[in-house]
Amino acid sequence: MGKKVHIIGSGFSSLASACYLAKAGYDVIVFEKNNYLGGRARQFKKEGFIFDMGPTWYWMPDVFEKFFADFGKKPSDYYQLERLSPAYEVYFGKEDSIVIPGDLEGIVDVFEKEEKGSSIHLKHFLKQAKGNYDVAVKDLVYKPGQSPLELVNIETIKRLHHVFGNIRSQVSRRIKNKKLLKILEFPVLFLGAKPQDTPALYSFMNWADFGLGTWHPVGGMYKVVEAMVALARSMNVEFRTNSNVQEITLDSVGKTKGIIVNDEFIASDVVLSGADYHHTETLLPQKYRQYSEKYWDKRVFAPSSLLFYVGFDKKLKNVKHHTLFFDTEFDVHAETIYGPPSWPKEPLFYASYPSITDGSFAPAGKEAATFLIPLAPGVEDTLSIREKYFNIIIRRLEELTQQSVKEFIIFKESFCVNDFVKDYNSYKGNAYGLANTLMQTAFLRPKIKSKKVKNLFFTGQLTVPGPGVPPALISGKIASDLIIKHN
Ligand SMILES: Cc1cc2nc3c(=O)[nH]c(=O)nc-3n(C[C@H](O)[C@H](O)[C@H](O)COP(=O)(O)OP(=O)(O)OC[C@H]3O[C@@H](n4cnc5c(N)ncnc54)[C@H](O)[C@@H]3O)c2cc1C
């Protein structure tokens with residue numbers, strides 16, 4: 001029998017770690033407090049409709065390929081991927097939207113049409129963005145974040161101005177059209193910070209967007225969860241749902257002894273937590289926590305969100321699988337998230353209609369829709385506020401896309417700050433972790449290996465490399481590599 005590694009939570013990072021550790025011969029059990037696997041990427045089904053409740057954008061397909069290749073597999077062994085074409089649509093006003101095609105040539109044409117001469121600048125910018133992708137995603141993001149020296153090599157030295165410059169100044173250097181700038185700033189929103197606070201090195205997200213494309217796993221993002229669970233099970237990983245980890249117990253010298261799950265002690269050799277980092281530390285005695293409440297309070301968190309999952313009794317027109325409603329000022333909205341927390345007066349929002357391209361998401365002639373408004377973590381969350389914002393975005397949707405939808409709503413479910421706290425033990429109800437600002441990148445993020453507790457490790461969106469599904473897969477690999485190295 002191998003050493004016993006007990007993993008808290010079943011999000012993507014935990015699932016990735018479970019696979020790597022099982023392959024390395026450890027005896028792995030995953031404990032998940034909820035009654036399903038996949039963490040924030042769970043799926044919800046109602047009256048023939050399906051909703052991915054968390055991630056909906058499948059970007060960086062190479063990261064998924066790399067993960068499965070480490071086990072001699074391919075994504076296509078488990079799920080079918082389709083490149084979305086068009087990739088998405090962005091609304092700026094009534095009868096004013098830009099459709100982003102599914103191929104680079106088409107995107108270049110769209111830019112040129114919108115602003116004469118911009119296609120040359122776009123190509124130049126994307127060449128740099130691809131260079132950053134090659135340096136960052138193929139190498140840097142796989143570093144464990146233990147030392148600044150990990151980041152020093154010829155390629156990063158050449159790119160120092162990208163580390164200290166920010167995305168906003170980078171994209172606005174030559175392109176001036178406001179709509180195009182909003183589109184170029186959109187990908188870094190996945191990293192959870194404002195474009196002016198995100199290092200220009202993260203322009204690799206623009207390469208991910210335009211160069212590598214937007215993909216859709218047929219049946220939804222949950223197919224990826226199912227694939228990873230199947231892979232883990234094939235290597236004898238055990239999954240225990242409805243298993244709330246209440247405590248990490250230590251011996252007299254501060255080494256993990258085990259975990260208390262649903263009031264029962266279970267002995268472990270190594271504990272790895274993929275639950276939110278802040279929450280995991282609350283499972284330890286105070287003196288073994290590495291980061292104070294003040295530390296967490298000072299971090300820049302990625303937004304929380306108000307989400308609605310809606311079944312419509314008709315097919316919607318003038319929208320795409322992914323549709324962004326950027327008809328209001330992001331900087332004003334962002335102030336309510338990154339300044340003193342409050343509800344935005346005129347929110348930007350995102351809508352996903354997977355049933356436009358994938359018939360499995362809704363019964364024939366109907367549409368499944370997910371709406372997302374980014375919000376400050378910790379903001380007041382009541383049913384009446386949710387309702388008010390639902391009415392705001394439905395009215396905007398009707399105006400901008402010129403159709404009535406409200407009377408076609410069969411049902412709607414909402415999910416917001418309080419649910420993130422209750423369902424995932426999320427710090428202040430953040431939706432996708434700790435933002436990737438300059439001061440919260442790489443070795444400046446909370447550490448994968450506890451400095452205070454022997455054989456306690458962390459993975460997921462609050463440690464390296466950061467928020468998002470591809471980073472979660474990478475985080476799981478980094479954490480398991482460190483466990484293997486130290487055990
Ligand atoms: C609404 C939303 C939209 C998103 N959109 C995208 C997108 O389009 N594309 C993209 O790439 N990324 C997206 N993301 C981000 C991405 O989903 C996350 O970064 C990623 O799924 C996080 O995985 P994780 O492994 O860190 O943990 P999580 O998914 O947070 O999993 C942690 C798990 O730990 C469990 N847990 C907590 N405490 C305990 C305990 N005490 N005992 C047992 N279990 C516990 C929780 O129940 C949870 O299942 C989105 C996230 C959200 C919320």
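## Strand pairing around β15

Strand β6 (residues 88-93) pairs with β15 in the parallel sense over three bridges, where two strands pair if DSSP finds at least two bridges between them. Helices (H or I, at least four residues) and strands (E, at least two) are DSSP runs, numbered from the N terminus. Val90 stands opposite Leu324 in β15. Strand β16 (residues 349-352) and β15 pair in the antiparallel sense over four bridges, and Phe325 stands opposite Phe349 in β16.

Strand β15 (residues 322-325) is covered on both faces: His322 and Leu324 on one side, and Thr323 and Phe325 on the other, are all buried. A residue is buried if 20 or more other C-beta atoms lie within 10 Å of its own, exposed if 12 or fewer, and partly exposed in between, with C-beta atoms placed from the backbone.

## Basis of the model

The model is predicted; local features need pLDDT of at least 70 and side-chain atom pairs count only at pLDDT 80 or more, while totals for chains, interfaces and linings use all residues. Residues are numbered from 1 along each chain as its sequence is written.

## Domains and their contact

The domain assignment, automatic or taken from a database, gives domain 1 (4-42 + 53-79 + 219-298 + 433-486), domain 2 (103-212) and domain 3 (301-424). The C-alpha centres of domain 1 and domain 2 lie 28 Å apart.

Between these two domains, 26 residues of domain 1 are in contact with 22 residues of domain 2; contact requires C-beta atoms, placed from the backbone, within 7 Å. The largest share of the side of domain 1 that touches domain 2, five residues, comes from α16. By class, that side of domain 1 has 16 nonpolar, six polar and four charged residues. Here Ala, Val, Leu, Ile, Met, Phe, Trp, Tyr, Cys and Pro count as nonpolar, Asp, Glu, Lys and Arg as charged, and the others, Gly among them, as polar.

## Ligand shell

The ligand is surrounded by 37 residues, of which the closest are Gly9, Gly11, Gly39, Pro55 and Gly460; a residue is near the ligand if its C-beta atom, placed from the backbone, lies within 6 Å of it. Two or more residues of the shell come from each of α1 (12-23), β14 (304-312) and α16 (469-486). The most, three residues, are given by α1.

The shell divides into 16 nonpolar, 18 polar and three charged residues. Domain 1 and domain 3 each contribute at least three residues to it.

The largest nonpolar core has 151 residues, and Ala18 and Met228 have the most contacts inside it. Such a core is a set of buried Ala, Val, Leu, Ile, Met, Phe, Trp, Tyr and Cys residues joined through C-beta atoms within 7 Å. Leaving aside neighbours within four places in sequence, Ala18 is in contact with Ile7, Val28, Val30, Ala232 and Val237.

Ser14 lies in helix α1 and is buried, with 31 other C-beta atoms within 10 Å. Not counting residues up to four places away in sequence, Ser14 touches Ile7, Gly9, Val30, Gly274, Thr459 and Gly476.

## Backbone features

Two peptide bonds are noted here as cis: Ser85 to Pro86, with omega near 5°, and Val464 to Pro465, with omega near -5°. Pro86 lies in the loop between β5 (81-83) and β6, and Pro465 in the loop between β19 (456-458) and α16.

Met60, not a glycine, has a positive phi of about 55° and counts as buried, with 25 C-beta neighbours inside 10 Å. Asn236 has a positive phi near 70° but counts as exposed, with 10 C-beta neighbours inside 10 Å.
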